[in-house]
Amino acid sequence: MHEMGIAMQIIEIAVASIPADLKNAQVKKVNLKVGKLSAVVPESLHFCFQIAAQDTPLCDAELNIEEIPLKIRCTDCNVEWTAHEPVFICRQCNGGSVKMLSGRELDITSIEVVDEHN
Amino acid sequence: MLEFIYKNQRHFHHKDSQKPHHSHSGGGGSIGGKNTDTREIKIVRKVLDVNDTIAEQNRKMFEENGVFVINVMSSPGSGKTAILVKTLSHIAQKIRCAVIVGDICTSNDADRLAGFGAPVVQVNTDAFGGDCHLAAHVIKTAVDNFNLDEIDLLIIENLGNLVCPAEFDMGENLRIVVLSVTEGEDKPLKYPLMFRVCDAALLNKIDLLPYLDYDREAAVQNILKVNPQMPVFEISAKTEDGFDSWVEWLMQKLHG
């Protein structure tokens with residue numbers, strides 16, 4: 001629902017990350033990590049990104065989303081697992097004292113920039 | 001990723017509609033006679049970095065001024081405002097409260113909350129493009145309307161939405177999610193992030209249970225699947241059933 005705001009933040013961060021010495025730089029790719037539990041729908045983000053990127057150095061950029069699985073560790077018995085459902089009960093000891101190791105990411109990891117020169 | 005699950009499917013189209021990926025030039029190349037270089041620039045930044053930074057500033061400001069902040073979230077119509085009205089009626093004599101209430105339009109909720117002497121600020125997000133959640137910068141601006149020295153408890157009533165508000169830290173101490181018994185028992189499994197990031201759940205409208213086919217035990221179990229250590233208070237904002245435990249818990253957190 002808030003993917004447009006997120007797309008705009010991505011573009012802002014990407015534009016600010018283009019080195020100042022590059023003239024006519026075009027961003028070709030934005031690499032993004034999105035956790036499975038994050039409240040972001042990649043399809044909506046792609047759609048919003050296309051619109052928000054118009055008239056920016058990202059207008060031809062591809063948004064490359066790596067989905068990060070939901071990984072949980074039980075802090076009582078130390079077992080770790082990848083959860084395919086949002087259930088945070090330890091599969092070994094049935095305890096509820098767990099830590100989320102991954103799955104909440106919403107991070108830009110890098111951009112790929114093309115610089116045109118003579 | 002979007003996943004489409006079909007039940008009682010009658011026909012099945014198989015069509016490869018995937019768009020071709022953009023080609024990726026791995027190194028040097030040439031476009032229209034000009035040379036090009038591709039290079040990867042590492043960033044490693046949270047997309048919501050700006051919000052998180054302002055949220056931390058808010059948190060520090062609240063801490064310095066001795067203000068305890070709760071963020072109350074739920075789907076539309078679960079009874080957030082009614083709960084807060086009743087909560088204020090229990091505590092406003094003893095605790096100096098203030099309220100920030102978010103809605104896309106209208107100041108109806110602020111009007112309902114204003115009767116207890118606590119200052120109330122209504123934020124209408126249509127000025128921010130009809131946003132579906134409150135964010136840290138909005139709270140930072142709204143707080144300018146208060147004298148923080150005169151506030152012990154700041155209550156933020158977020159917009160009715162179980163998705164987006166869960167992603168936006170505002171600098172609060174506690175997050176409270178409200179679920180009402182007129183919603184599905186499986187809401188916690190459908191909106192797990194919300195139930196995971198919250199510190200307590202209020203199961204509201206229990207006065208309606210005799211009239212509903214609602215499995216209250218299943219609702220509580222679903223909350224506990226997502227957040228096994230979360231306290232769940234079964235309440236009715238109409239009859240005030242369960243309010244003693246909820247208010248007592250809140251006061252313990254405030255004074256702790």
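This is a predicted model: local features need pLDDT of at least 70, side-chain atom pairs count only at pLDDT 80 or more; totals for chains, interfaces and linings use all residues.

**Stop one: a helix pair in chain A**

Select helix 1 (residues 3–16) of chain A together with helix 2 (residues 42–52) of chain A: their axes come within 8 Å and cross at roughly 55°. That angle is why helix 1 of chain A counts as oblique to helix 2 of chain A. Look at the handedness too, as the crossing of helix 1 of chain A and helix 2 of chain A is right-handed.

Now show the residues where the two meet. From helix 1 of chain A, pick A:Glu3, A:Met4, A:Ile6, A:Ala7, A:Met8, A:Ile10 and A:Ile11. Their partners in helix 2 of chain A are A:Ser44, A:Leu45, A:Cys48, A:Phe49 and A:Ala52. Colour this contact between helix 1 of chain A and helix 2 of chain A by residue class and you get 10 nonpolar, 1 polar and 1 charged.

**Stop two: confidence in chain A**

Chain A averages 93, and 97% of its residues score at least 70. Which elements of chain A have the lowest and the highest mean pLDDT? Strand 6 (residues 106–117) of chain A has the lowest, at 90, while strand 3 (residues 70–74) of chain A has the highest, at 98.

**Stop three: A:Lys33**

Next, zoom in on strand 1 (residues 26–35) of chain A and pick out A:Lys33. Is A:Lys33 buried or partly exposed? Partly exposed, because A:Lys33 has 19 other C-beta atoms within 10 Å, and a residue needs 20 or more to be buried.

Leave aside the neighbours within four places in sequence, and A:Lys33 is in contact with A:Glu66, A:Ile68, A:Glu105, A:Asp107 and A:Thr109. Then draw a C-alpha to C-alpha distance from A:Lys33 to A:Glu43: the two are 10 residues apart in sequence and 14 Å apart in space.

**Stop four: over to chain B**

Select chain B and its secondary structure comes to 8 helices and 9 strands. Of the 256 residues in chain B, 39% are buried. Take the contacts in chain B with a separation of 6 or more: 72% of them are between residues 24 or more positions apart.

Helix 1 of chain B brings B:Asn51, B:Ile54, B:Ala55 and B:Asn58 to the contact, and helix 4 of chain B brings B:Ala136, B:His137, B:Ile139 and B:Lys140. By class, the residues of this contact divide into 4 nonpolar, 3 polar and 1 charged.

Note on methods. Residues are numbered from 1 along each chain as its sequence is written. Chains are lettered from A and ligands numbered from 1 in the order in which they are written. Axes are lines fitted to C-alpha atoms, for helices over the stretch in contact, and angles run from 0 to 180 degrees between N-to-C directions. Helices (H or I, at least four residues) and strands (E, at least two) are DSSP runs, numbered from the N terminus. Angles under 35 degrees count as roughly parallel, over 145 as roughly antiparallel, 65 to 115 as roughly perpendicular and the rest as oblique. A crossing is left-handed if the near helix is turned anticlockwise from the far one by less than a right angle, and right-handed if clockwise. Two residues are in contact if their C-beta atoms, placed from the backbone, lie within 7 Å. Ala, Val, Leu, Ile, Met, Phe, Trp, Tyr, Cys and Pro count as nonpolar, Asp, Glu, Lys and Arg as charged, and the others, Gly among them, as polar. pLDDT is the predictor's confidence in each residue, from 0 to 100. A residue is buried if 20 or more other C-beta atoms lie within 10 Å of its own, exposed if 12 or fewer, and partly exposed in between; C-beta atoms are placed from the backbone.
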